[in-house]
Amino acid sequence: MRVYLYLIAGIISALLGWNIGQFFQTDLGILKQFSEITLFPCIAISLAIGMVMNEIFISNPTRPKMNFRTARIPLLIALGLGMGFGLLAGGISQILFLPQINFPTPVVRIIGWLLIGASVGLAEGLTWRWRSVAAGDAKRFKRRLKISVIGASIASLFAAGIFELLRIFVLEASNNLERVSNLRPIEDPIGFSILGLLLGLFFSISNSPSYVVALRAGAGFEYTGQIYGDEFDQGYDSPNTFQNQSYAYIQQPILRFISNSQQNQIEEGLSIQLPPKGTIRIGSAGKAQISIPGLPLHSADLELKHREAILYPNPKYYNTIEVNGNRLGSNRSILLRHNYLLTFHPKEEDEFNYEKIYRFVYYNRFLDPQA
């Protein structure tokens, strides 16, 4: 479904931009003799805005009001980049089309489409900073920006190449000049539809939810402002660790938060990025990778494999763990799936008081903490 939405958004955005350009040229008579200067900015703006808005709403389909608030700055950036690159592409095309230069038309078209694709990729990559707290990671942001620009440019080159091949095929297959002339009015919409289609296909792949395994902290991790003491340096064998510990935290650098690589205290709403492979121990011991006060020293292990996570409860304390609201009745291992709820109860729990819990949401593909 995600791929289809991107493809549809790409085609509609391209055709909408083309129609707006035709409106300016035909109905308003703006720069009729310099069609590319009017047409290319309209298409670049429409594609840039369409791809950015499509990504925002697909990432957060249930929160339209928040999406519109989030989209203000990204829309302005997409508008500016689309206008700038579109005018650049149109200006270069008009210069190269001059009879004195006599530059090959297919090459001119490829250059123009390449600039349009680059503007869409740059807009999508840059606006990610305003759409995702994950962009706070400088390396991820630079990688995403580079992939967006290069990938969108390559997609534009492919679209231009396919369009030129189709034109050659139609001309060679038809000896009827009247039939060829009848096809010319629909050349542009067909070509720009191919451009939008390939751009949508690329972004559907590059922007698909990445398989960054994460645990998002929920109930029980409300911020209290407390700090811990010397128990951080104690081992798993300390019998009093869980009694002395002041707040829940993660072991760095093994684990880190998506939005803040320096913080170690677990707070509600933060997502803990887990490594792709290895074993994460959960408990109250000071050296547990996820250390939570009140839990058994060793509550459970989370074994991470390639796109797979398995929860191994401690045989002594499996009854202090819930999965999707159901208390475990045995210590059998559990294969976790996306959006599973993991709830941990304290070791010394009053059977009539279940208020104190620590809850995580498991993600096997990263969902933005802003969502």
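Strands S1 and S4 (residues 271-273) pair in the antiparallel sense over 3 bridges; strands here are DSSP runs of E with at least two residues, helices are runs of H or I with at least four, and both are numbered from the N terminus. Two strands count as paired if DSSP finds at least two bridges between them. The model is predicted, so that local features need pLDDT of at least 70 and side-chain atom pairs count only at pLDDT 80 or more, while totals for chains, interfaces and linings use all residues. Residues are numbered from 1 along each chain as its sequence is written, and side-chain values use heavy atoms, with hydrogens and water left out.

Ala-214 stands opposite Tyr-363 in S13. These strands belong to an open sheet of 7 strands in the order S3-S4-S1-S13-S12-S9-S10, with antiparallel pairing. Strand S3 (256-257) and strand S10 (326-327) each have a single partner strand, so one side of each lacks a neighbour in the sheet.

The structure holds 10 aromatic pairs, defined for rings of Phe, Tyr and Trp (its six-membered ring) with centres within 6.5 Å; planes under 30 degrees apart count as stacked, over 60 as edge-to-face and the rest as tilted. The ring centres of Phe-221 and Tyr-358 are 5.3 Å apart and the planes lie at 55°, so this pair is tilted. Phe-221 is in the loop between S1 and helix H9 (241-244) and Tyr-358 is in strand S13, so the pair ties together parts that are 137 residues apart in sequence.

Helix H4 (residues 72-96) packs with helix H5 (residues 105-131) at an angle of about 165°, the axes being 9 Å apart. Axes are lines fitted to C-alpha atoms, for helices over the stretch in contact, and angles run from 0 to 180 degrees between N-to-C directions.
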